[in-house]
Amino acid sequence: MGLLIYFNGKLIPEEEAKVSIFDHGLLYGDGVFEGIRGYNGRIFKLDEHLYRLYASAKAIMLDVPLEFSELKDAIVQTVRANKLRDSYIRVVVTRGVGDLGLDPRKCKIPTLFIIASRIELYPADIYEKGLDVITVATKRNLTEAVSPAIKSLNYLNNIMGKIEANNAGASEGLMLNHLGYVSECTGENIFIVRRKSLITPPVSAGVLGGITRETVMEIAAEIGLEVKEMDITRYDIFTAEECFLTGTAAEIVPVISLDGRTIGTGKPGDITNRIKKEYSLLTMSEGVPVYE
Ligand code: PMP
């Protein structure tokens, strides 16, 4: 059976959920989105994802057509209507239908849709073995151009990086910023472990302020690790004891090599495994209930 999609205020069958060819989300990538996960009948970190969605919209001067609590409600209703216990939820707000020019003022009504679907889990062996990552030539967007902190529909920068990683046969691509510092991978944030501290690049290095990143930083502090946000280079990754990526869909994924250099022992590290375990405990115990 097909999904029920929340589309501009109504729940409709997926076959009927269609966006206009004049929607600026499609014509120009003018819009914002979120990817959220539901576990065991609850929606994990829903408020945090919505704060980021409203911040992304604010940054591009786009009015989300629902208030925070209305949108939260619409998301819960959409998950419930699809009877999902474990889910991956996509919330999209576009500039709406306009003409063929760029001008967003021509787009009077934003388009808002919510897809609550199933999550396709990553193969188990990537968590056991870890990923081989390469550095891609495409630089992360300048924060002064289209800031990577905005989760916008304009993902070509990341897609270019992903294509290069695919072409090189790597599982992920590491993106550097224009100064040569590490930013993030094409769809995940990056962390390294160095002498009992956890290090991740700051948002100013051209990264999306990941919700999983934030959660991992909280977990790390709770288990007594020092957490530092600082600029790092490839050298810091080559010489790190451990390295892992974080994201809503991927959760916590160990990285075992960068550009052919083995990281640490070449196996997922103890700290990575500990954080992964704590993260999965949180996902099972926290979140906004869908069925109560
Ligand atoms: N960086 C980028 C570029 C992303 O698209 C994502 C989300 N897939 C992340 C980092 C991770 O963010 P989050 O933990 O909020 O999913």
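## Terms and model

Buried means under 20% relative accessible area, exposed means over 50%, and partly exposed lies in between (1.4 Å probe, protein chains only). By that scale Glu229 is partly exposed, at 44% relative accessibility.

This is a predicted model, in which local features need pLDDT of at least 70, side-chain atom pairs count only at pLDDT 80 or more, and totals for chains, interfaces and linings use all residues. Residues are numbered from 1 along each chain as its sequence is written, and side-chain values use heavy atoms, with hydrogens and water left out.

Helices (H or I, at least four residues) and strands (E, at least two) are DSSP runs, numbered from the N terminus. Two strands pair if DSSP finds at least two bridges between them.

Seven strands make an open sheet in the order β2-β1-β6-β5-β3-β4-β16, and the pairing is antiparallel. Its edges are β2 (10–13) and β16 (288–289), each of which pairs on one side only. Four bridges link β2 to strand β1 (residues 4–7) in the antiparallel sense. Phe7 has Lys10 of β2 as its bridge partner. Leu4 has Pro13 of β2. The hairpin of β1 and β2 has two residues between the strands, and Asn8 there takes a positive phi near 45 degrees.

## An enclosed strand

Strand β8 (residues 172–176) has five of its five residues buried, so it is largely enclosed by the rest of the structure. In a regular strand, side chains alternate between the two faces of the sheet. In β8, Glu172, Leu174 and Leu176 point one way, while Gly173 and Met175 point the other way.

Strand β7 (residues 131–135) runs parallel to β8, joined by three bridges. Ile134 stands opposite Gly173 of β8.

## Salt bridges

A salt bridge is a side-chain nitrogen of Lys or Arg within 4 Å of a carboxyl oxygen of Asp or Glu. The count by this rule is 14. One of them joins Glu286 to Lys45 (3.6 Å, N to O). Glu286 sits in the loop between α8 (270–285) and β16, and Lys45 in the loop between β4 (42–43) and α2 (46–59), so the pair ties together parts that are 241 residues apart in sequence. Glu286 is partly exposed at 31%, whereas Lys45 is buried at 12%.

Glu229 and Arg213 form another, with the closest N and O atoms 2.6 Å apart. Glu229 belongs to strand β12 (residues 226–229) and Arg213 to helix α6, so this pair ties together parts that are 16 residues apart in sequence. Arg213 is buried, with a relative accessible area of 2%. Asp103 and Arg105 also pair, their closest N and O atoms being 2.8 Å apart. Here Asp103 is partly exposed at 25% and Arg105 is exposed at 65%.

## Surface patches

Patches are made of residues with over 30% relative accessible area and no salt bridge; like charges are joined within 9 Å, and nonpolar side chains (Val, Leu, Ile, Met, Phe, Trp, Tyr) within 5 Å. Accessible areas come from the Shrake-Rupley method with a 1.4 Å probe, and for residues only the protein chains shown count as cover. Lys and Arg count as positive and Asp and Glu as negative, with His and the chain ends not counted. A charge is placed at NZ of Lys, CZ of Arg, CG of Asp or CD of Glu.

A negative patch gathers Glu48, Glu214, Glu218 and Glu222 on the surface. Helix α6 (residues 211–222) gives the most to it, with three residues. Glu222, in helix α6, is exposed at 71%. A nonpolar patch holds Ile21, Phe22, Leu26, Leu27, Tyr28, Val97, Leu100 and Leu102, with about 790 Å² of accessible area together. Leu27 lies in helix α1 (residues 24–28) and is partly exposed at 32%.
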